[in-house]
Number of protein chains: 2
Amino acid sequence: MTEQIVEQDIAAEVRAITDRARRAARRMAGANRAWKDKGLRAIAKALLEHQDRILAANAKDLAAGKENGTSVPMLDRLTLTKPRVQGLADALEKLATLPDPVGNVVRGQTLPNGLRMRQINVPMGVVAAIYEARPNVTVDIAGLALKSGNAVILRGGTAAAHTNQALLGILRDALETVGLPADAVQSVDQFGREGANLIMKARGAVDVLIPRGGRDLIQTVVNNSSVPVIETGEGNVHIFIDASAKEEMSVNILLNAKTQRPSVCNTVETLLVHKDAKVLAAVLTALNKAGVRLHVDERVQAVLPAGITATLATDEDWATEYMDLDLAVKMVDSLPEAIKHIRTWSTGHTEAILTNDLSNAEIFVAEVDSAAVIVNASTRFTDGGELGLGAEVGISTQKLHARGPMGLTELTTTKWIVQGEGQVRG
Amino acid sequence: MTEQIVEQDIAAEVRAITDRARRAARRMAGANRAWKDKGLRAIAKALLEHQDRILAANAKDLAAGKENGTSVPMLDRLTLTKPRVQGLADALEKLATLPDPVGNVVRGQTLPNGLRMRQINVPMGVVAAIYEARPNVTVDIAGLALKSGNAVILRGGTAAAHTNQALLGILRDALETVGLPADAVQSVDQFGREGANLIMKARGAVDVLIPRGGRDLIQTVVNNSSVPVIETGEGNVHIFIDASAKEEMSVNILLNAKTQRPSVCNTVETLLVHKDAKVLAAVLTALNKAGVRLHVDERVQAVLPAGITATLATDEDWATEYMDLDLAVKMVDSLPEAIKHIRTWSTGHTEAILTNDLSNAEIFVAEVDSAAVIVNASTRFTDGGELGLGAEVGISTQKLHARGPMGLTELTTTKWIVQGEGQVRG
């Protein structure tokens with residue numbers, strides 16, 4: 001076979017997958033909440049029953065990863081353990097307790113001509129996800145898509161291929177045991193990169209595409225997809241300590257925002273501090289004690305407390321999402337200067353101000369154009385669970401459709417239903 | 001200069017335009033409703049004051065269009081007259097009476113830890129529109145974007161270049177008279193097709209791109225844009241007459257849906273009729289009398305009332321959005337067959353069922369996956385004005401962000417605002 005014929009074959013197979021997904025999506029859209037929850041619970045049970053099979057498959061991926069010299073953090077994200085499988089099952093059980101977003105009435109009224117109009121949430125249809133070698137995402141995104149009445153097509157990282165294949169089989173079998181369509185969860189992993197490319201171009205066949213992973217993956221999907229994309233995750237997060245900020249609050253919030261879980265997107269990456277703030281020494285001392293490496297501008301360098309060392313920051317530091325125990329620190333003359341810095345370098349995820357000045361708090365909230373703007377609290381609260389959404393699909397950093405923490409509703413669209421008794425337009 | 005240098009220059013100029021748009025967007029976001037409405041009224045007044053200038057510019061475009069052999073419908077869409085300019089001014093006055101979508105609280109609560117959370121509508125930021133030679137769109141989309149607190153970048157058809165340039169100058173001057181930024185309305189028309197290409201690739205600098213026009217224009221934008229797009233307009237609309245449909249209602253609705261304004265997207269294009277429906281002859285007779293050309297399948301051909309002629313339909317008829325006094329007609333054996341036909345050929349805009357069978361109405365509403373699903377009323381009601389949205393940005397046929405009629409709220413995004421007194425995450 002020539003290469004071209006192989007490509008045509010793959011295109012035909014991916015089309016067959018999207019066709020099956022569309023049919024499964026129609027059946028999922030017709031399933032009520034009780035039925036979908038039964039499916040989620042069946043998957044949770046099956047994951048625990050088959051955890052030896054999952055861990056064996058995962059061991060193969062891990063062995064291959066070690067052989068290929070995969071980095072330790074990447075191996076960690078690839079690793080499943082009994083407690084982690086239990087965590088996946090628990091998350092599905094929790095998902096089953098949440099309200100169903102489908103059927104919710106967004107707005108409705110009886111029009112002057114007697115037409116009854118309502119706009120309701122309905123499933124998106126076919127959701128696709130492209131993600132890196134984190135097998136937990138396979139279960140996580142499938143659960144969220146199913147709960148909201150969708151079919152899902154997955155493309156996980158090649159490094160997790162054995163684990164994902166095992167999980168996929170377990171998910172599909174579990175759905176069938178409760179009479180839901182196995183094809184509500186499918187994968188294009190068998191087609192490698194070409195499968196991902198075809199999914200990105202399947203506008204009309206795939207209703208929304210969610211990339212999950214690092215900056216490169218997300219940018220590749222955004223630039224190459226004709227399917228609508230929801231961009232998630234990148235967070236170059238700022239905290240501005242205003243002149244009036246209180247010391248204890250500033251120390252607590254900075255410690256929490258930087259050190260509680262440095263590897264996630266809502267962790268702070270740059271601290272901006274007003275030149276008249278009285279709290280800088282205490283904050284830097286506490287961060288230094290907690291093992292945070294400081295990257296500071298010259299003005300901060302000049303006032304570093306004794307015994308604390310720091311490297312001099314460059315523009316690269318202002319742009320970097322460290323996702324580690326590193327923090328860039330810059331002194332500013334004013335609130336407008338802080339806002340200007342944020343506008344230049346922020347990814348629009350989360351920014352916070354620590355202040356006791358009401359007017360400054362209001363200006364910051366109004367003028368900082370990010371998904372979440374926080375006053376006097378940790379940036380770590382930008383999280384669907386913390387903000388009461390129940391489940392979190394991701395944190396959108398785009399403005400269309402969803403912005404900030406996304407819940408189940410963001411995996412639905414709407415339908416306008418109009419009922420009359422013969423009305424025509426005048 | 002080499003061609004490459006020219007291209008680099010254009011790229012730099014378009015970047016300067018998007019930068020100015022961003023700064024203007026920040027000022028617009030800070031303008032309250034009264035101020036924005038003052039701007040809309042100033043534009044309305046200026047359009048009327050300068051209508052001679054507008055009509056003179058329009059005459060140039062029309063003369064060039066005639067010389068180039070532009071079709072009569074396209075020339076009509078290009079034409080401005082005194083009543084049409086009055087219509088544009090009236091629409092802006094009406095827009096000024098509508099509520100401001102900005103600041104509306106989407107949801108809010110006090111969390112268990114005392115954090116006050118609210119999600120509010122904020123302007124999208126920089127909105128771009130690419131459209132064909134309809135100068136009314138220039139005023140229309142600018143008004144909607146300004147009312148919702150955005151800056152807008154326009155790319156109109158080259159055939160309307162003189163008219164658009166005159167309108168742009170009038171809009172910008174009027175904004176300045178009330179202290180709003182002229183750069184809230186800009187154009188890239190001077191850069192021709194390259195301007196459109198650069199706007200489509202300006203992800204981050206442009207927040208949303210709205211193509212308005214025919215299928216080819218929309219598909220070009222969808223396929224080439226890395227900026228999030230809202231797809232609008234294409235409507236291959238179906239009406240299904242069920243066995244139990246009543247005659248008078250069926251005749252009235254079909255006449256209204258096909259003949260009241262055949263050139264718009266919510267006009268019916270295919271009639272599906274149940275084999276046991278008693279009303280077909282009356283409906284076809286009325287449509288024929290109203291000048292509708294029928295494209296029918298063989299079963300309908302076999303029962304055509306005496307004196308009515310029709311052409312035999314092919315697959316092309318099922319796929320076609322005629323936007324004219326043409327209607328495809330097909331007989332089906334059952335509701336599922338009607339739904340299957342709709343799934344195959346519909347663009348997901350609007351479909352209606354005419355029936356007295358409650359169960360069939362419910363099945364149709366549940367299983368037809370279109371932006372609007374109508375029971376016993378004309379498809380012409382899929383319209384922002386008719387459904388109570390006040391103003392209409394367009395009718396979205398995609399599922400992300402907006403589906404069906406889009407109002408001012410769809411030109412906004414949201415921002416999460418979290419206020420605390422030192423809370424950290426446990």
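1. Between chain A and chain B, an area of about 5,700 Å² is buried, and carbon and sulfur atoms give 53% of this area. The coordinates are those of a predicted model, and every value in this note should be read accordingly.

2. The contact between the chains involves 71 residues of chain A and 71 residues of chain B. Of the area that chain A buries against chain B, 16% is supplied by Leu400(A), Trp416(A) and Arg425(A), which is more than any other three residues supply.

3. Chain A is superposed on chain B by a rotation of 180° with a shift of 0.0 Å along the axis, and the RMSD is 0.0 Å. This is the relation of a two-fold axis. Within chain A, the C-alpha nearest the axis belongs to His401(A), at 1.8 Å from it. Both copies use the same surface, since 100% of the contact residues of chain A recur in chain B.

4. In the pair formed by helix 6 (residues 135-147) of chain B and helix 7 (residues 161-177) of chain B, the axes come within 9 Å and cross at roughly 25°. Helix 6 of chain B is therefore roughly parallel to helix 7 of chain B, angles under 35 degrees being counted as such. Their crossing is right-handed.

5. Which residues make this contact between helix 6 of chain B and helix 7 of chain B? Helix 6 of chain B contributes Pro135(B), Thr138(B), Val139(B), Ala142(B) and Leu146(B). Helix 7 of chain B contributes Thr163(B), Asn164(B), Leu167(B), Leu171(B) and Leu175(B). By class, the contact comprises 7 nonpolar and 3 polar residues, with no charged residues.

6. The second pair consists of helix 14 (residues 335-345) of chain B and helix 15 (residues 358-367) of chain B, which pack at an angle of about 20° with their axes 11 Å apart. Helix 14 of chain B and helix 15 of chain B are therefore roughly parallel to each other. Helix 14 of chain B passes helix 15 of chain B in a crossing that is right-handed.

7. On the side of helix 14 of chain B, the contact is made by Leu335(B), Ile339(B), Ile342(B) and Arg343(B). Facing them, helix 15 of chain B provides Asn360(B), Ile363(B), Phe364(B) and Glu367(B). The contact of helix 14 of chain B with helix 15 of chain B has 5 nonpolar residues, 1 polar residue and 2 charged residues.

Note on methods:
Residues numbered from 1 in each chain as written. Chains lettered and ligands numbered in written order. Predicted model: local features only at pLDDT ≥ 70, side-chain atom pairs only at ≥ 80, totals over all residues. Heavy atoms only, no water. Least-squares fit on C-alpha atoms with pLDDT ≥ 70 in both. Contact = heavy atoms within 4.5 Å. Axes fitted to C-alpha atoms, helices over the stretch in contact; angles between N-to-C directions. Helix = DSSP H or I, 4+ residues; strand = E, 2+ residues; numbered from the N terminus. Parallel < 35°, antiparallel > 145°, perpendicular 65-115°, else oblique. Left-handed = near helix turned anticlockwise from the far one by under 90°. Nonpolar A, V, L, I, M, F, W, Y, C, P; charged D, E, K, R; others polar. Buried area = accessible area lost by both parts, 1.4 Å probe.
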